[in-house]
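This report describes side-chain packing and pairing in a predicted model. It considers a helix face, aromatic contacts and salt bridges in turn.

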Amino acid sequence: MKHSKITLTLLALAAMLPGQTSCRKAPTNTSTSGIATIACDASFENIMNQEIDVFEYNTRGNASIIPYYTSEKACFDSLLDLRTKTIVVARELTQKETDYLKGQKKNPRSNRIAVDAIALIVNPENSIEILSVSEIADILTGRITRWDELEPSKMGEIQVVFDSEGSSTIAYMRDSVMKNQPFGPNVYAQNSNMEVFKQVQMRKNAIGIIGVSWISADMRTRDLPREERIRSLQQQDTTVADFDASVKVLKVRRDDNLRAFKPYQAYIYDGSYPLTRSMFMITTAVNGSLGHGFYSFVTGTIGQKIIQRTGILPARMQPRMVNLY
């Protein structure tokens, strides 16, 4: 969460309260100016931070998007309680939720903005290279607890690390891979996606379950000055072709397929990589408001290029196909 931005925003709002001598006026709320909040699934923090940064830069500082990174459930609760108008999550509204919002005189709009992949990462010293979907399910349920049950290994017991309890990543693995079976005692929730990354780097026996945007080598562009990052978005080729070398990204295969794949964009696109999910942006913001302006930006050309650079697959653009060995 951008604490400094929130602090500055609160100070600005305090200056507008009755009884203050300041003559400052609240920023006009248009599609490119004002203040708006969004609630975003914490799995997508890396992606949304870049979207916000470029959007605010393009508005020349007239717009401020304040993100709250939290669980998927908290995102939907915030939208349904009318505490925020825009959320970024891994599922669409149900018909019941849509009907409720319409009953509150809100007109929800939903757009699939990307296809995300769930990556499996281990310490580089771990010899494991490939897991099948059924082996992943057995690890998560505790039927497989040691690395030497999969192949000769000295890594000992398997420690599974997720981002946080209630995350959409946990929900996806439970629903799609484990078929709603309970997690085994070898599964642990950390406080954040970055903590998953750190645990895998520190623990040779750990396996991390994490969104692919967190391991994209191209995420180093987020540390470039804004001007350089925005210029780089003008390039035609924004396909990510590698991952962070400080962890090992495992190949995954379907049980009925002998060939395994890493979560490269090309394999997400053609369906070869089996662990994928959609990413949705849902808003009740009215036309002409800042919330709607940001929604239009993320679903537009530049917003989709930003998503492509993070290593996941944008909904409206096709990746360049490259030979991967």
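Helix 7, which spans residues 193-202, has as its buried residues Asn-193, Val-196, Phe-197, Gln-199 and Val-200. Viewed along the axis of helix 7, these buried residues fall within an arc of 165°, so they line one face of the helix. An α-helix has 3.6 residues a turn, so residues three or four places apart point the same way. The packing partners of the buried residues of helix 7 are strand 4 (109-122), strand 6 (159-162) and strand 8 (206-211).

**Aromatic contacts**

The model contains five aromatic pairs. In one of them, Phe-55 and Phe-297 adopt a tilted arrangement, with 5.3 Å centre to centre and 55° between the planes. This pair links distant parts of the chain: Phe-55 belongs to helix 2 (residues 45-58) and Phe-297 to helix 10 (residues 290-299), 242 residues apart. Phe-55 is buried, because its relative accessibility is 5% and the threshold for burial is under 20%. Phe-297 is likewise buried, with a relative accessible area of 13%.

Another pair, Phe-261 with Tyr-267, is edge-to-face, at 4.9 Å centre to centre and 65° between the planes. Phe-261 counts as buried at 6% relative accessibility, and Tyr-267 counts as buried at 14%.

Ring pairs also join Phe-55, Phe-294 and Phe-297 into a cluster. A contact of another kind involves Arg-91, whose charged end sits over the ring of Phe-76, 3.7 Å from the ring centre.

**Salt bridges**

Side chains of opposite charge can pair when their charged atoms come close. The count of salt bridges in the model is nine, and the table includes three of them.

| Salt bridge | N to O distance |
|---|---|
| Lys-73 and Asp-77 | 2.8 Å |
| Asp-81 and Arg-83 | 3.3 Å |
| Asp-138 and Arg-143 | 2.7 Å |

Lys-73 and Asp-77 both lie in helix 3 (residues 72-80); being four residues apart, they are separated by about one helical turn. Lys-73 is exposed, with a relative accessible area of 60%, whereas Asp-77 is partly exposed at 28%.

In the bridge between Asp-81 and Arg-83, Asp-81 counts as partly exposed at 48% relative accessibility, and Arg-83 counts as exposed at 55%. Arg-143, the partner of Asp-138, is partly exposed at 46% relative accessibility.

Technical notes
Residues numbered from 1 in each chain as written. Predicted model: local features only at pLDDT ≥ 70, side-chain atom pairs only at ≥ 80, totals over all residues. Heavy atoms only, no water. Phe/Tyr/Trp six-rings, centres within 6.5 Å; stacked < 30°, edge-to-face > 60°. Helix = DSSP H or I, 4+ residues; strand = E, 2+ residues; numbered from the N terminus. Buried < 20%, exposed > 50% of the residue type's maximum accessible area, 1.4 Å probe, protein only. Lys NZ or Arg CZ within 6 Å of the ring centre and 35° of its normal. Arc of directions from axis to C-beta. Contact = heavy atoms within 4.5 Å. Salt bridge = Lys/Arg side-chain N within 4 Å of Asp/Glu carboxyl O.
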